[in-house]
Amino acid sequence: MSEEKDLEQLKREAAVSNEDSESSEEVDMDLAKAKAAAAAKAKAAALAKQKAAEAASADKSEADDKATAKAKAAAAAKAKAAALAKQKAAEAASSNTTEADDKATAKAKAAAAAKAKAAALAKQKAAEAASADTSEADDKATAKAKAAAAAKAKAAALAKQKAAGGASGEDDLAKAKAKAVAAAKAKAAALAKQKAAEKAGEGSSDDELAKAKAKAVAVAKAKAAAAAKAKAAAGGGGDDLAKEKAKAIAAAKAKAAAAAKAKAAAGGAPEEEAEEATPSPNQKYLDKYVKVITEHIGGDVLEDSYINTLSKDVPTLVAKPDTYYKVAQFLKFNEQLGFDYLSELHGTDFQTHMEIYVHLFSYKNRQSVALKVKLDRDEPTTASLQPLWEGANWPERETFDLLGIKFEGHPNLTRILLPDDWVGHPLRKDYEPFDVEV
């Protein structure tokens with residue numbers, strides 16, 4: 001019984017032992033799990049701590065790096081500033097030294113140059129003084145020689161003149177003057193005779209008479225100039241006086257020949273020549289213009305009318321000074337005439353009077369006409385045609401500029417070729433240049 005009990009006891013113990021063993025195993029497993037979990041937590045905590053430590057260390061290291069970089073930069077800047085300051089100080093010291101050296105060198109050079117220049121000037125003056133003495137002596141000797149030669153030449157010329165001339169220079173000059181006066185009188189008489197013959201026989205136009213007058217005046221002026229030249233040269237040798245005499249004689253002969261020719265031409269048969277002359281093809285136009293003007297504004301507005309054979313037979317009307325603008329206005333606006341284009345306007349100094357020449361053209365009728373007006377030479381003034389034809393603007397300014405003719409009613413009557421301060425009017429026959437050297 002006891003054994004059975006022991007056996008059962010053993011079985012129970014074994015069972016309890018098994019249960020304990022199983023329980024122990026479970027406990028061990030739980031412990032192992034707990035340990036594993038604790039180890040995992042510990043490891044996680046360690047890792048987290050490590051990361052936190054690394055992060056803190058990194059921040060600290062970055063801050064340290066930044067601080068170190070700033071410190072290094074500040075140190076470098078200070079070192080650079082110190083180096084620059086040192087360099088500037090060295091340069092300033094060097095510059096002061098160099099400037100002082102340069103100034104000293106420049107002063108030395110200037111002093112040397114001044115000394116050299118003074119020495120050169122002294123040498124030059126000495127040479128000039130020596131040369132002047134020599135040159136003055138030579139010049140005096142040369143001048144004496146020239147004066148002696150000139151005196152000898154003058155004495156020889158005077159002796160030759162006395163031997164060859166016989167008569168005195170004053171007598172020759174008086175004879176030359178007398179001949180010139182006689183020739184001038186003869187020429188004036190011949191011209192007067194020619195003018196009378198032309199008026200009686202040929203009926204020459206005013207233009208031709210004016211041209212003849214101008215030529216006569218020009219010849220008289222030329223003769224007067226020649227006489228003045230002869231007078232000025234009278235103090236010279238006998239050869240010059242003989243030349244002047246020969247010229248005066250030749251001029252007198254030429255003048256006499258011209259007068260004889262004109263007389264012969266005037267003494268012909270002018271009536272027969274007039275009968276044989278062919279009428280101008282423009283005579284009908286001239287008759288038309290005169291007729292229309294006479295019918296509308298009167299016959300007393302024109303001073304003359306003729307065919308200008310020297311200018312392509314253009315019909316020419318000569319208006320009176322007080323009717324010049326009225327006739328011009330009629331020529332433009334009359335329906336039968338209609339001269340709407342001004343192609344030319346100029347002035348002329350005939351010495352006895354001033355004259356304005358205007359050439360007009362009618363595009364409607366394809367005809368031309370010339371309008372003239374004679375003005376007082378001392379006070380040449382007339383009406384401006386600029387209000388009728390704009391093309392008269394500049395030609396009238398040119399006529400004013402060169403001849404001094406004034407155009408009343410012109411919008412801008414100022415000089416156009418010469419400056420405003422020019423003295424005189426160059427196309428006048430009596431014009432004398434203000435500056436003879438121009």
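How many aromatic pairs does the count come to by the ring-centre rule? The model is predicted, with local features requiring pLDDT of at least 70 and side-chain atom pairs pLDDT 80 or more, while totals for chains, interfaces and linings use all residues. Residues are numbered from 1 along each chain as its sequence is written, and side-chain values use heavy atoms, without hydrogens and water.

The count comes to 3 aromatic pairs, where rings of Phe, Tyr and Trp (its six-membered ring) pair if their centres lie within 6.5 Å, and planes under 30 degrees apart are stacked, over 60 edge-to-face and the rest tilted. Tyr-289 and Phe-339 pair edge-to-face, at 5.4 Å centre to centre and 85° between the planes. This pair links helix α6 (residues 283-297), which holds Tyr-289, to the loop between α7 (324-333) and β3 (341-349), which holds Phe-339, 50 residues apart; helices (H or I, at least four residues) and strands (E, at least two) are DSSP runs numbered from the N terminus. Both Tyr-289 and Phe-339 are buried (under 20% relative accessible area; exposed is over 50%, partly exposed in between; 1.4 Å probe, protein chains only).

Tyr-341 and Tyr-363 form a tilted pair, 5.7 Å centre to centre with 50° between the planes. Tyr-341 lies in strand β3 and Tyr-363 in the loop between β4 (354-362) and β5 (367-375), 22 residues apart. Tyr-341 is partly exposed because its relative accessibility is 37%, and Tyr-363 is partly exposed at 44%. Together with Phe-361, Tyr-341 and Tyr-363 make up one aromatic cluster.

Ser-384, in the loop between β6 (381-383) and α8 (393-403), is buried because its relative accessible area is 2%.
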